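Visitor: I'm new to this one, and I'd like to learn how to read it. Could you show it to me and walk me through?

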Amino acid sequence: MTGSNIQVSREWWVERWLELLDSYRFKKRLERARVYAREGNVLSIEFKGPKVLARVQGTDPEPYQVSLSMDAFTDEEWSYVIETLSEKALFSAKMLAGEMPQNIEQVFIKNGLNLFPYRLDDIRSRCSCPDKANPCKHIGAIYYLLGDRFSEDPFVLFQLRGRSKEQIIDALRLLRGKGEGENGGEGEKTPFPASSAMPEIKQFWQYNDQLESSLVVIAPAPSSETILDVLGPIPLPSDGSENSRSNNANATVPAVMQYLKTVYAEVSQQAILSAMTNDS
């Protein structure tokens, strides 16, 4: 298998971000930006609230300063989004696990918002390089590396819209906690009654009460194979003569084997009864 045939599986939100980049019409400019990202020209990326600040090494000795930001949602808009998220337990569970729910975009659309920008022009970006085009290759390199950051932590997307992971999770917990309280604690775990003692694990297989006299003990069926069947006939000793060996084989062995099978069945029955009525 060649490298060109290997398909890298990406998270859907990373794919959405890369689709946004692919929609840009100046392909050659973004190709140079991709090379910058791959060759390590981006020296640092840090997030300060909803802003991305980066340093990218270009042709000058001093690295260029790059900043990116998107329109952050207002407090009121975020309150509507979080309220909608709290209505579905699956969203909360996925986000607590660090995953982006598949249809979470619909939550924002329902509230008249868009999690992802429509176009690159919707992202505000600045670079200290002399290139007047936007995005320049330094800004474009940050776009590509942001895809990697989104893969590592999808909550970076929310941070760029004005809310950190901790803020969203805390708000979801608060809203869901209120909802459970208003529903009379529905969904809460019922504690053990104070008067009941916790069972001992070592007593799990013990039963000290007398069993019902009418209890029927089912023993193995007579046709079931036992250890006697596995061992085969008993090789009884003889006086050495051919007639003696033949007589023993024809008469004594079947009688002894039948007797042992009767004893075996009775012992098995008694063992089962003893086990079921044992007080220790």
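Guide: Let's go from the overall layout to the sheet, then the helices and the core.

Guide: A word on ground rules before that. This is a predicted model, so local features need pLDDT of at least 70 and side-chain atom pairs count only at pLDDT 80 or more, while totals for chains, interfaces and linings use all residues. Residues are numbered from 1 along each chain as its sequence is written, and side-chain values use heavy atoms, with hydrogens and water left out.

Visitor: Which helices and strands make up the protein chain, and in what order do they run?

Guide: Helices (H or I, at least four residues) and strands (E, at least two) are DSSP runs, numbered from the N terminus. Here we get 10 helices and 4 strands. From the N terminus on, the order is α-α-β-β-β-α-α-α-β-α-α-α-α-α.

Visitor: How do the strands form a sheet?

Guide: Strands of a sheet pair through backbone hydrogen bonds, either parallel or antiparallel. Two strands count as paired if DSSP finds at least two bridges between them. In this model the 4 strands make an open sheet in the order 1-2-3-4, with antiparallel pairing. Strand 1 and strand 4 are the edges, each pairing on one side only. Ignoring direction, neighbouring strands are turned by 15° against each other on average.

Visitor: How many bridges join strand 1 to strand 2, and which residues are partners?

Guide: Strand 1 (residues 42-48) and strand 2 are joined by 6 bridges. Ile45 has Ala54 of strand 2 as its bridge partner, and Phe47 stands opposite Val52. The hairpin of these two strands has 2 residues between them, and Gly49 there takes a positive phi near 65°.

Visitor: And what about the other pairs?

Guide: Strand 2 and strand 3 (residues 64-69) pair over 6 bridges, with Lys51 opposite Ser69. Strand 3 and strand 4 pair over 4 bridges, and there Ser69 stands opposite Arg124.

Visitor: Which residues of strand 2 are on the covered face?

Guide: In a regular strand the side chains alternate between the two faces of the sheet. On strand 2 (residues 51-56), Val52, Ala54 and Val56 form the covered face, while Lys51, Leu53 and Arg55 form the uncovered one.

Visitor: How do helix 1 and helix 6 pack?

Guide: Axes are lines fitted to C-alpha atoms, for helices over the stretch in contact, and angles run from 0 to 180 degrees between N-to-C directions. Angles under 35 degrees count as roughly parallel, over 145 as roughly antiparallel, 65 to 115 as roughly perpendicular and the rest as oblique. Helix 1 (residues 12-22) and helix 6 (residues 137-152) pack at about 170°, with axes 9 Å apart. They are therefore roughly antiparallel. Contact means heavy atoms within 4.5 Å, and the residues making it include Trp13 and Trp17 of helix 1 and Tyr143 and Phe150 of helix 6.

Visitor: Which residues have the most contacts inside the largest nonpolar core?

Guide: In soluble globular proteins, nonpolar side chains tend to be buried together. A nonpolar core is a set of buried Ala, Val, Leu, Ile, Met, Phe, Trp, Tyr and Cys residues joined through side-chain atoms within 4.5 Å. Buried means under 20% relative accessible area, exposed over 50%, and partly exposed in between (1.4 Å probe, protein chains only). The largest core has 55 residues, and Met95, Ile104, Phe108, Ile142, Phe150 and Phe158 have the most contacts inside it. Helix 6 gives the largest share, 8 residues. Beyond its neighbours within four places in sequence, Ile142 contacts Val42, Ile45, Val52, Ala54, Val56, Val66 and Leu68.

Visitor: Is His138 buried or exposed?

Guide: His138 is in helix 6 and counts as buried, because its relative accessibility is 4%. Leaving out residues up to four places away in sequence, His138 touches Tyr36, Val56, Gly58, Tyr64, Val66, Cys127 and Cys129.

Visitor: And Tyr118, buried or exposed?

Guide: Tyr118 sits in the loop between helix 5 (105-110) and strand 4, and at 62% relative accessibility this residue counts as exposed.

Visitor: Where is there a cis peptide bond?

Guide: Most residues other than glycine have a negative phi, and most peptide bonds are trans. The bond from Asn134 to Pro135 is cis, with omega near 10°. Pro135 is in the loop between strand 4 (124-127) and helix 6.
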